[in-house]
Amino acid sequence: MEGATDVNESGSRSSKTFKPKKNIPEGSHQYELLKHAEATLGSGNLRMAVMLPEGEDLNEWVAVNTVDFFNQINMLYGTITDFCTEESCPVMSAGPKYEYHWADGTNIKKPIKCSAPKYIDYLMTWVQDQLDDETLFPSKIGVPFPKNFMSVAKTILKRLFRVYAHIYHQHFDPVIQLQEEAHLNTSFKHFIFFVQEFNLIDRRELAPLQELIEKLTSKDR
């Protein structure tokens with residue numbers, strides 16, 4: 001599975017993404033929100049950065065951040081695709097105790113056991129399809145979010161978490177070799193603060209990385 005490569009000015013390998021990046025249209029309100037999120041992240045206070053900006057719509061804030069996390073994970077996984085193969089990862093796991101089987105409820109109703117690269121390909125393609133669906137993730141101003149938006153967002157975030165869990169458990173060595181460790185930790189910490197702030201992922205689902213979550217979040221109580 002060839003990833004799309006975004007070559008940045010330095011032409012570094014770290015800009016390789018697994019799937020095409022999802023862009024939020026410039027000039028839109030969501031773009032302004034994304035810029036706000038980036039600016040507050042720059043302050044270094046992640047707890048503050050995830051809070052709903054005053055007067056903003058929660059659905060829209062969750063939508064913008066979900067797109068952003070998809071892009072971050074896309075890039076992080078893109079850097080280690082060479083290490084995540086049918087041979088190295090015949091099952092999608094997060095350590096010896098957690099194994100994931102894929103089902104999207106529409107094309108694949110009964111969960112199937114598959115390799116990690118296959119699972120992540122299914123997962124990221126599925127997320128991309130949700131993000132591209134204008135009835136679910138409206139990009140136009142004034143178009144309302146559907147009633148089931150929050151439950152869809154929760155499912156997306158729950159599944160994206162599994163990619164972090166797989167990278168941490170199965171591919172942390174290459175992450176260190178590629179000097180992506182700080183990038184991965186910051187991205188994951190931001191993700192965890194966000195889902196905790198709005199209670200978006202069931203605690204049980206976070207179990208594969210519970211120790212890490214406690215370590216990363218204890219400094220910022």
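Start with the largest cavity, which has a volume of about 30 Å³. A cavity here is a set of points, on a 1 Å grid over the protein atoms alone, where a 1.4 Å probe fits but cannot get out. Points are joined across faces, edges and corners, and a volume is the space filled by probe spheres set on them. A search of the whole structure turns up one cavity of 30 Å³ or more.

Before you click on, a word about what you have loaded: this is a predicted model, in which local features need pLDDT of at least 70 and side-chain atom pairs count only at pLDDT 80 or more, while totals for chains, interfaces and linings use all residues. Residues are numbered from 1 along each chain as its sequence is written, and side-chain values use heavy atoms, with hydrogens and water left out.

Now select Leu34, Ala37, Glu38, Leu41, Asn65, Asp68 and His190, the residues that line the largest cavity. A lining residue has an atom within 4 Å of a point. Which helix gives the most to this lining? That's α1, with four residues. Both α1 and α3 supply at least two residues each. Helices (H or I, at least four residues) and strands (E, at least two) are DSSP runs, numbered from the N terminus. Colour the cavity lining by type and you'll get three nonpolar, two polar and two charged residues.

**Next stop: the largest pocket**

Show α1 (29–42) and α3 (58–80), which each supply at least two residues of the lining of the largest pocket. A pocket is an open set of points with protein on both sides within 12 Å along at least five of seven lines. This one has a volume of about 290 Å³. Of its 16 lining residues, pick out Lys21, Leu34, Glu38, Asp68 and Asn71, which lie nearest the centre. By type, the lining of the largest pocket has five nonpolar, five polar and six charged residues.

**On to the second largest pocket**

The second largest pocket has a volume of about 230 Å³. It has 13 lining residues, and the ones to select are His169, Ala207, Pro208, Leu209 and Glu211, the closest to its centre. Then bring up α5 (149–170) and α8 (210–218), each of which supplies at least two residues of this lining. The top contributor is α8, with three residues. Eight of the lining residues are nonpolar, three polar and two charged.

Select Cys84, Cys89, His166 and His171 together: an unreviewed UniProt entry annotates them as "binding site". Such annotations may be inferred rather than shown by experiment, and their positions are given in the numbering used here. These four are spread over 88 residues of sequence, yet they cluster in space, with a largest C-alpha distance of 9.9 Å.

Zoom in on Cys84, in the loop between α3 and β1 (92–93). Leaving out residues up to four places away in sequence, Cys84 touches Tyr77, Cys89, Ala116, Pro117, His166 and His171, where contact means heavy atoms within 4.5 Å. Cys89 sits in the loop between α3 and β1 too. With the neighbours within four places set aside, Cys89 is in contact with Cys84, Ser115, Ala116, Pro117, His166 and His171.

Are these cysteines buried or exposed? Cys84 is buried, at 3% relative accessible area, and Cys89 is buried as well, at 4%. Buried means under 20%, exposed over 50% and partly exposed in between (1.4 Å probe, protein chains only).

A disulfide is a pair of cysteine sulfur atoms within 2.5 Å, and a search of the whole structure finds zero of them.

**Last stop: two loop residues**

Finish with Gln179, in the loop between α6 (172–177) and α7 (181–197). Its phi is near 55°, a positive value in a residue other than glycine. Gln179 is exposed, with a relative accessible area of 71%. Then jump to Asn199, in the loop between α7 and α8. Asn199 has a positive phi of about 55° although it is not a glycine, and at 60% relative accessibility it counts as exposed.

Notes: Nonpolar A, V, L, I, M, F, W, Y, C, P; charged D, E, K, R; others polar.
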